[in-house]
Amino acid sequence: MTPEGQALVEAAAGLRGESLWRAALGRFSANRAAMAGVLLLVAITAFAFVAPLLSPHDMEANDWERIQIAPTTEQSHWFGTDANGRDLFVRVAAGARVSLAIGLITTLVSVVIGVLYGAIAGYAGGRTDQVMMRIVDVLYALPLFFAIIILVTVFGRNIFLVFLAIGAVEWLTIARIVRGQTLAAKQTEYVEAARSLGAPASRVVLRHIVPNVVGPVIVFSTLLVPTVILVESFLSFLGLGVQEPQTSWGLLISQGTASLDSAPWLLVIPAAFLAATMFAFNFIGDGLRDALDPRDES
Amino acid sequence: MSTSPAVLSVRDLTVRFATRRGPVDAVRGVSFEVAAGRSLGIVGESGSGKSQTCFAIMGLLPGNARVGGSVRLDGEELVGVARGRLDVLRGSRMGIVFQDPMTALTPHRSVGSQLCEVVMRHAGVDRVEARRRALEIMERVRITDPERRFDMYPFELSGGMRQRIVIASALVLRPALLIADEPTTALDVTVQAEVLRTFRAVVEHTGTSLVLVTHDLGVVAGTCDEVAVMYAGRIVERADAATLFRAPAHPYTRALLDCRPRLDDAPAARLRSIEGQPPSPALDLPGCAFAPRCALAETRCRVERPALEPLGTGAGTRLAACHRPVPP
Amino acid sequence: MTEPLLDVRSLTVHFPVRGRGGAVLRAVDDVSFSVGAGETLGVVGESGCGKSTLARALLGLVPVTAGSIRFAGRDYARADERSLQPLRRAVRMVFQDPLASLNPRFTVRQCVREPLDVFEPGLAARERDRQAVAMLERVGLGTAFAERYPHELSGGQNQRVSIARALVAGPRLVICDEAVSALDVSIQAQILNLLADIQRDTGIALLFISHDLSVVRHVSRHLLVLYLGRTMERGVARSVFAHPRHPYTRSLIDAVPVPDPAIERARAAAPALVGELPSPLAPPSGCVFRTRCPRASQLCGITPPPLVPAGDGAFACHHPLEDVDR
């Protein structure tokens, strides 16, 4: 907005309305479980970045004198060490960075592609819609893990392939959600009003449709982040994901299972972090759903 | 007023909603009675509390509502009664008709089987008897060719036909009271006329009492014996229909009648309008709620709330809550 | 005689129906009318009579199957998106549902400003804001509402916003599609008076679509009665209401509830319109109204009645009601 426009806005100071987004934010911050989820997530993220600064250890350094020791304050091995004598505290933090990054980036890419694709298909309608959605159906039918295994066999193990493979599948669901919502939004009078102006399709889609259909997508994507983290963990567990010396929660858990009897903390600690993250996202997702869809308010 | 005992008796009914922004009083002390075989129209604009009054009687308010006062159906108190008892009463003693007939019917079952189910569940009769009663009631609500319609599905019927099926299912257990909330608002005028005739016929022939809630004074004119006009959660005027339409006492009733263009008037260049908006239900004005929009208001109207009282002498059934009623 | 502002000739809009082997929905069928500058045409009929499709066709929102839409001397019936632009600027619409017709994520100012954003992108944003707020003042809302959101306003206030949006780019014809139907009675009068004031001040023409005959009679100079997409009757509103020639017009008038118990009770004895609207996918043969018409004869089932001129108007009926003027 121009400064002049801003001045005009301020002329009506005190009479500013509350936008739907702001109202939703108000409801969200009043939701204790959701705010606990946010706090937990902030804490885990902070841990991921601050932990390496606190610990004297390097995630790749082997402490050959202390192999597979239980959590202890001795030598600052707070989470103990693994079978190669590497410090678990910094490795969990490193795994957190990789897992969260995969979760967030993949989700973000899926959302952008899915929203635009779904909105365009839904708004265009007719044959364009048919073709676009059949493409989605075909991609849906491809088994995810099969596709990933092929990709990995052809191109070798690579973290970006993991991004790509998961993202390639997850945007499909978002596109379907958004297309359905767009079909409904297209029937509304405010979209018809904009169309009757002869407004360009890009304006109608971006200004009128997308802001009004992203609510369910936001909720879905909050629940998508943990799904993606879980898929990555599963791939790493199978040995198809992140490669040593890099690590992720999935890989740590996979390695921890091998020594479940002798060193349970190698499984328990990364698994606890993963579980806590799942909880946090699910609480946030629930909170967002209630905040964005205020059915019970009269 | 009729001397026969009241089928429905409402005393000091209040409805308060707890919302995120504090309490909202939708109904602020409403009292009325409906005698057997009589019909009452409750008229008001949105926010007048007419629908909340209706929902309070039916016991169908959402969880954040608190109901005060008393609602008696055939002498039985309904406020604070257990949910299970209300469910029984709603089927057998109180028939309900909503605005949208499509949502009141199950889409995947024939209308006849839906009627029969109500009869069999509540009256404990067999299938043959249930079918007989269903067909009888379909005829009563003026459905032509009931045998054929019996096996049709809701989507195969037109809007007016569906609404008559809903009325039939509300009546099939011969309730003492029929409550209809905006029953013709979703219908075309021609269809509305026919549905209103149905209501009239039902009251005349079955002896059921009727409470009809609507925003349209025209709708109650030919359908109801008595009319209550609501504004901001209170009844501002109550009178028998002929009196109310001939000589409205409350300035609000008067303004409502004046601001509506009529087919039988000489067209005027401008409509008389009521300026401003109804007050927010979250506020409680000290005086008359209509005073800020009333052309006749004086200082007293703004500080002292008028009570709903009989007007003049010998006026019989007329009640108005106004310090400065319109002279007849 | 000068050419009217809007002249619609034999407008026909058919929609193909999917999965019905080439069946078509005749939403609007051979409808003709005209609206002069500064005049008001009322369009009445039951739901499904094609009145909303008619409005959408005039705005270029649905494709026209046949006929012409001449506006200010130019035919727009088969214009493409680009050449429709002058029509879209000159013809604006006020929708039925005041809340649903405003984008819930926009402030009131953004809603009103949008036509200027589209039609006057060269104008400085400040100027567009200024004009939008000025128009809000004109419709009685004022600056206090500019930064608020539609969900915070009442139905009547939102309808004022919608009217401001329709007027902001200086139209010559405003289509009101059931524009007061969703409003409370006391608010309806405010909005109708506002429209009358604006029409008097700016000389815009109105196409007033409504199922509410009392309102249409109040605002309209001319009247068009539609049934299943066909013209039943048209003419000067005053005389059509006083002496309808088509039985359908008569039935519509008789069905309007009058706030007078005596009249209503008296009417109860008269026969109401029997039955209901037939499916527009399978309209009756001959005259489409014959299945509900008290005067229908065998002829009505065979030959569709032609639209015959009568006085200032026309009607389509084999057995018209008496012409009391002669």
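What pattern does chain A follow when read along the sequence? In this predicted model, chain A runs α-α-α-α-α-α-α-α-α-α-α. In other words, chain A has eleven helices and zero strands. The C-alpha atoms of chain A fill a box of roughly 75 × 50 × 40 Å, taken along the principal axes.

Chain A has 298 residues, and 40% of them count as buried. Contacts within the chain can also be sorted by how far apart the partners lie in sequence. Among contacts between residues at least 6 apart in chain A, 70% join residues at least 24 apart.

Next comes the interior. In soluble globular proteins, nonpolar side chains tend to be buried together. The largest nonpolar core in this model has 269 residues. The members that touch the most other members are B:Ile179, B:Val211, C:Leu136, C:Leu173 and C:Ile175. The largest share of this core, 17 residues, comes from helix α4 of chain A, which spans residues 88-124.

Leaving out residues up to four places away in sequence, B:Val211 touches B:Leu8, B:Val34, B:Leu40, B:Ile42, B:Cys54, B:Leu177 and B:Ile179. One of these partners, B:Ile179, is itself listed among the core members that touch the most others.

Now consider where chains B and C meet. The contact takes 41 residues from chain B and 35 residues from chain C. On the side of chain C that touches chain B, at least two residues each come from α6 (185-202), α7 (213-219), α9 (247-255) and α10 (261-269) of chain C. Helix α6(C) gives the largest share of that side, seven residues. Sorted by class, this side of chain C has 18 nonpolar, nine polar and eight charged residues.

Helix α11 of chain B covers residues 251-258, and its buried residues are B:Pro251, B:Tyr252, B:Thr253, B:Ala255 and B:Leu256. Their cover includes α6 of chain C, along with α9 (217-221), β9 (226-231), β10 (234-240) and α10 (241-246) of chain B.

In α3 of chain C (residues 108-119), the buried residues are C:Val108, C:Arg109, C:Cys111, C:Val112, C:Arg113, C:Glu114, C:Pro115 and C:Leu116. What covers the buried residues of α3(C) includes α4 (125-138) and α5 (155-167) of chain C, together with α8 (189-196) of chain A.

Key: Residues are numbered from 1 along each chain as its sequence is written. Chains are lettered from A and ligands numbered from 1 in the order in which they are written. This is a predicted model: local features need pLDDT of at least 70, side-chain atom pairs count only at pLDDT 80 or more; totals for chains, interfaces and linings use all residues. Two residues are in contact if their C-beta atoms, placed from the backbone, lie within 7 Å. Helices (H or I, at least four residues) and strands (E, at least two) are DSSP runs, numbered from the N terminus. Ala, Val, Leu, Ile, Met, Phe, Trp, Tyr, Cys and Pro count as nonpolar, Asp, Glu, Lys and Arg as charged, and the others, Gly among them, as polar. A residue is buried if 20 or more other C-beta atoms lie within 10 Å of its own, exposed if 12 or fewer, and partly exposed in between; C-beta atoms are placed from the backbone. A nonpolar core is a set of buried Ala, Val, Leu, Ile, Met, Phe, Trp, Tyr and Cys residues joined through C-beta atoms within 7 Å.
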